[in-house]
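Please walk me through this model in the viewer. What should I select next, and what is there?

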Amino acid sequence: MELFNILKEKIKEKEVITPKEMAIIDDNAEFLGIPKILLMENAGKAVYEEIKNIEAEEYIIFCGTGNNGGDGFVVARHLGKGEVILIGKEGEIKTYEARENFKILKNLAEFGNIKIREIRRAEEVEDIFERLKDKKAVIVDAMIGTGVKGELREPFKTIVDKINELKKINKDILVVSVDVETGHLKSDLTITFHKRKTINRENVIVKDIGIPKEAEYIVGWGDLKALRKRDSNSHKGQNGKVLIIGGSRDFFGAPILAGLSALKIADLVGILSVDKVIDKLNHPEFIMYKVEGDYLSSQHVDYALNIAKKYDVVVLGNGLGANNRTKAFVNEFLSKYDKKVVIDADAIKVIDYNSFEFSENYIFTPHKKEFEYMNVDLENIEEIKSTIVLKGKYDIIFNADNLKINKTGNAGMTVGGTGDVLAGLIGALFAVNEAFISACCGAFINGYAGDLLLKEKGYCYTSLDLIEKIPNVLKIFE
Ligand SMILES: NC(=O)C1=CN([C@@H]2O[C@H](COP(=O)(O)OP(=O)(O)OC[C@H]3O[C@@H](n4cnc5c(N)ncnc54)[C@H](O)[C@@H]3O)[C@@H](O)[C@H]2O)[C@@H](O)CC1
Ligand SMILES: [K+]
């Protein structure tokens, strides 16, 4: 944890985050045990606190069918008055926590202070826009929050247009957005939760809703949820093509483990190695690329570059051997190859770090000793555009702008080959995702597979067992 705390100092915390990053934090707060309905309560209360003293004749709360709408239901409950316009049908409300809050509102509506209307089209609220022309009113925008995707669809588009028009003709209309302004709505005030979002506009108040800092640092199911989904009608190769470059006269198992692991997620895996490795393989599931010699060396670089061009990601280093020949190969290959590379094991050991550029296309997966060899200058952490997975009891995953800690895994993971499994796993994720989330999820999945095996078999599981467990972990969190 010592290094983690040092890195926490060095890697400056983001003041503004993307909706996607916020969704990961929300989900990881739940992963830490904080129920979303509690966060929703705090969110709705936070908005209520900001508007409760505003004198108005009417309160109209426009709610979507997502959790942003859920917040709106909570606001209405705390206000104890006003009209809730659900844009959609109750049956379309997407989540448990929003549905529960809608049910509460329906119970309260019987007492008459809170009215509820479910609409499909903007015309159904024509009467409200007529009535508000000369009224002092607060309009709460709980239509869409961080779950926004693409251009604003109907009826939201027309409703936003109508609210903007109403504001133009009546200065006594106050529009308050929950968390994020919906589309082109001209909100007077936005109350956003936990952190300012990149898509927020001016006049934003940030309110704490009880999400602990730790939720920003822990790798949890929120990270897995944010991975690119395997698209069902994809054709061969669309879910990632991974090339393993490794192996040598001394080690031929490592590239196989990395390849088998990658194959659990990617749909094309090649292995490029020396003849002594390739001739031993009888794995029809791999595409093989063979070069003559005991070790990969500089005369193989052009061939490797040629092959690597056809792949999304290269996983470099497993079983490569660490000597002058592989040193020449690795440094020359990396200086000429400008796509994504997972750099593991022996490749980490043979890189010349003096004039080395830590490109954002690289993910390093060192253990403690290899990390020391890398001699990363923590004083200039902003130079480290590459993502580093420092494996240990807790894996620390970081780059110039991000820092997370992964707590899955156990002492059984020290068995040989688990590093190769991790490298292959990260390579497969990296083929179709960004570096940092691939590194976080790879570490999480690998460790969680180990935790499942520990429960089943105690500590004597092997790397092949680990590989077989990967689909189970993905299934649990899909
Ligand atoms: N996730 C959490 O833990 C918490 C979320 N909170 C609230 O939940 C929000 C995120 O909720 P969700 O992820 O459910 O999503 P949202 O409620 O932000 O939006 C999703 C809804 O909007 C619709 N939608 C998305 N893009 C659209 C478009 N372009 N045109 C028309 N409709 C569109 C979707 O069909 C869906 O019904 C946050 O902004 C915040 O307000 C808070 O309750 C705090 C806790
Ligand atoms: K909103």
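Start with the second largest pocket, about 890 Å³ in volume. A pocket here is an open set of points on a 1 Å grid over the protein atoms alone, where a 1.4 Å probe fits, with protein on both sides within 12 Å along at least five of seven lines; lining residues have an atom within 4 Å of a point. Select Lys14, Glu21, Asp401, Asn402 and Phe436: of the 34 lining residues, these are the closest to its centre. Then colour α2, α8 (214-217), β18 (403-406) and α17 (435-457), which each give two or more residues to this lining. The lining holds 13 nonpolar, six polar and 15 charged residues.

This is a predicted model: local features need pLDDT of at least 70, side-chain atom pairs count only at pLDDT 80 or more, and totals for chains, interfaces and linings use all residues. Residues are numbered from 1 along each chain as its sequence is written, chains are lettered from A and ligands numbered from 1 in the order written, and side-chain values use heavy atoms, without hydrogens and water.

Next, the largest pocket, with about 1,400 Å³ of space. Its lining has 41 residues; Asn67, Thr146, Gly147, Val148 and Lys149 lie nearest the centre. Show α2 (19-31) among its contributing elements; α2 gives the largest share, seven residues.

Finally, pick the potassium ion (ligand 2). Its protein donors (N, O and S atoms within 3.2 Å for K) include Asn68 (OD1), Ile144 (O) and Val180 (O), and the donors lie 2.5 to 3.2 Å from the ion. Isoleucine 144 and valine 180 are 36 residues apart.

Note on methods
Points joined across faces, edges and corners; volume = space filled by probe spheres on them. Helix = DSSP H or I, 4+ residues; strand = E, 2+ residues; numbered from the N terminus. Nonpolar A, V, L, I, M, F, W, Y, C, P; charged D, E, K, R; others polar. Donors = N, O, S within 2.8 Å, 3.2 Å for Na, K, Ca; no water.
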